[in-house]
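Student: I am new to this structure. Please show me how to read it, feature by feature.

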Amino acid sequence: MVFPEYRPRRLRRNETFRSLIRETQISASQLIYPLFVMPGKNKREEIPSMPGVFRLSIDQLKNEAEECLQLGVQSVILFGLPEKKDAVGSGAHAKDGIIQRAIKELKNKAPEMMVTTDVCLCEYTDHGHCGCLIGNTVDNDATLEILAKTALSHAQAGADMVAPSDMMDGRVAEIRAALDENNFDMIPIMSYAVKYASAFYGPFRDAANCAPQFGDRRSYQMDPANSREAMREATLDVDEGADILMVKPAVAYLDIISRLRDEFDLPIAAYHVSGEYAMIKAAAERGWIDGEQVMAETLLSIKRAGADIILTYFAKDMARYLRNKG
Ligand code: PBG
């Protein structure tokens with residue numbers, strides 16, 4: 001008998017064999033593309049720290065959505081840049097707020113596009129925190145009411161799903177109740193169940209102009225050192241009625257995605273965040289890595305760890321890549 005008896009290389013011999021036994025696949029239908037909506041007309045501002053990602057006025061947003069659909073990306077998540085901010089983030093639930101208008105116009109133009117909204121106050125508060133304040137701390141329970149109003153206003157404008165990212169305790173239950181009481185019991189909640197206080201959000205805070213004006217978010221977002229606590233956070237959200245559990249960021253937290261996958265049977269989403277995107281773009285621009293290959297390998301690793309859904313600024317690029325290589 002020839003040694004070694006078992007030769008893994010037999011099944012790696014050519015692409016036909018490799019694709020025959022491939023364990024993980026990515027499909028464009030499981031990617032969610034984040035979009036930043038700004039006031040004005042015909043506006044398309046590239047975000048300096050996120051090459052290829054733009055703040056868009058609503059008319060431009062509609063074109064972007066069409067492009068996504070053509071590529072097979074059927075889902076977007078919207079972030080709003082309001083005209084005005086205040087201490088309690090009123091713009092987040094204004095009837096004619098930037099997001100509410102964007103949802104309406106988007107669903108009008110492209111009803112088949114699935115529109116998810118980020119539910120949080122940080123883009124709408126003048127202090128940049130994710131809730132309203134008492135002194136210098138975020139008031140958990142007063143914030144819940146504003147978040148529920150915000151989620152409801154998104155559903156009323158036509159959103160298909162809401163995604164609370166604020167990390168207040170009890171917000172999933174509060175949002176679920178508000179939706180149910182108003183006949184939106186069929187609108188699912190994708191909860192940012194496990195969201196870490198991460199430096200990888202840096203470019204996003206430039207994009208959405210929502211950096212906290214004092215302090216940081218460590219009194220509500222999770223400590224990056226904790227993994228057991230992630231299970232507790234996810235359990236709470238499941239009990240409160242979450243339909244999809246999200247982990248954020250993704251690559252530095254693949255172990256958390258994998259643990260959630262093992263312990264929960266809900267769909268798992270992972271957010272490949274702004275800083276993770278920016279690092280790949282920056283290194284690729286310098287010619288230090290092959291950006292396209294690193295993108296594909298990175299998103300694959302998130303899927304392999306156990307995510308069903310990936311929120312990523314690479315959604316369009318990945319869909320193009322899958323079309324050409326797949
Ligand atoms: C709002 C929110 C943030 C992100 C998504 N929703 C910023 C933050 O929590 O500071 C980050 C997304 C990214 O970095 O791509 N709270």
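Student: Is Ile134 buried or exposed?

Tutor: Start with what you are looking at. This is a predicted model, where local features need pLDDT of at least 70, side-chain atom pairs count only at pLDDT 80 or more, and totals for chains, interfaces and linings use all residues. Residues are numbered from 1 along each chain as its sequence is written, and side-chain values use heavy atoms, with hydrogens and water left out. Now the terms: buried means under 20% relative accessible area, exposed over 50%, and partly exposed lies in between (1.4 Å probe, protein chains only). Ile134 has a relative accessible area of 53%, so this residue is exposed.

Student: In which strand does Ile134 lie?

Tutor: Helices (H or I, at least four residues) and strands (E, at least two) are DSSP runs, numbered from the N terminus. Ile134 belongs to strand 6, residues 133-134. Ile134 and Leu35 are 99 residues apart in sequence, and their C-alpha atoms are 31 Å apart.

Student: Is Ser301 buried or exposed?

Tutor: Ser301 counts as buried because its relative accessibility is 11%. Helix 10 (residues 291-305) holds Ser301. From Ser301 to Thr24 there are 277 residues in sequence, but 9.0 Å in space, C-alpha to C-alpha.

Student: And Pro203, is that residue buried or exposed?

Tutor: Pro203 has a relative accessible area of 12%, so it is buried. Pro203 is part of helix 6. Val273 is 70 residues from Pro203 in sequence and 8.9 Å from it in space, C-alpha to C-alpha.

Student: Let us turn to the backbone. Which peptide bond is cis, with omega near -10°?

Tutor: The general idea comes first. Most residues other than glycine have a negative phi, and most peptide bonds are trans. Here the bond from Lys248 to Pro249 is cis. Pro249 lies in the loop between strand 10 (244-248) and helix 8 (254-263).

Student: What is the phi of Asn42?

Tutor: Phi of Asn42 is near 55°, a positive value in a residue other than glycine. Asn42 sits in the loop between strand 1 (31-37) and strand 2 (44-46). With a relative accessible area of 59%, Asn42 is exposed. Asn209 also has a positive phi, near 50°. Its loop runs between helix 6 (202-207) and helix 7 (228-240).

Student: Now the ligand. How many residues surround the ligand?

Tutor: A residue is near a molecule if one of its heavy atoms lies within 4 Å of it. For this ligand the count is 19, and the closest are Lys195, Arg205, Lys248, Ser274 and Tyr313.

Student: How much of the ligand's accessible area does the protein cover?

Tutor: Accessible areas come from the Shrake-Rupley method with a 1.4 Å probe. On its own the ligand has 390 Å² of accessible area, and the protein covers 100% of it.
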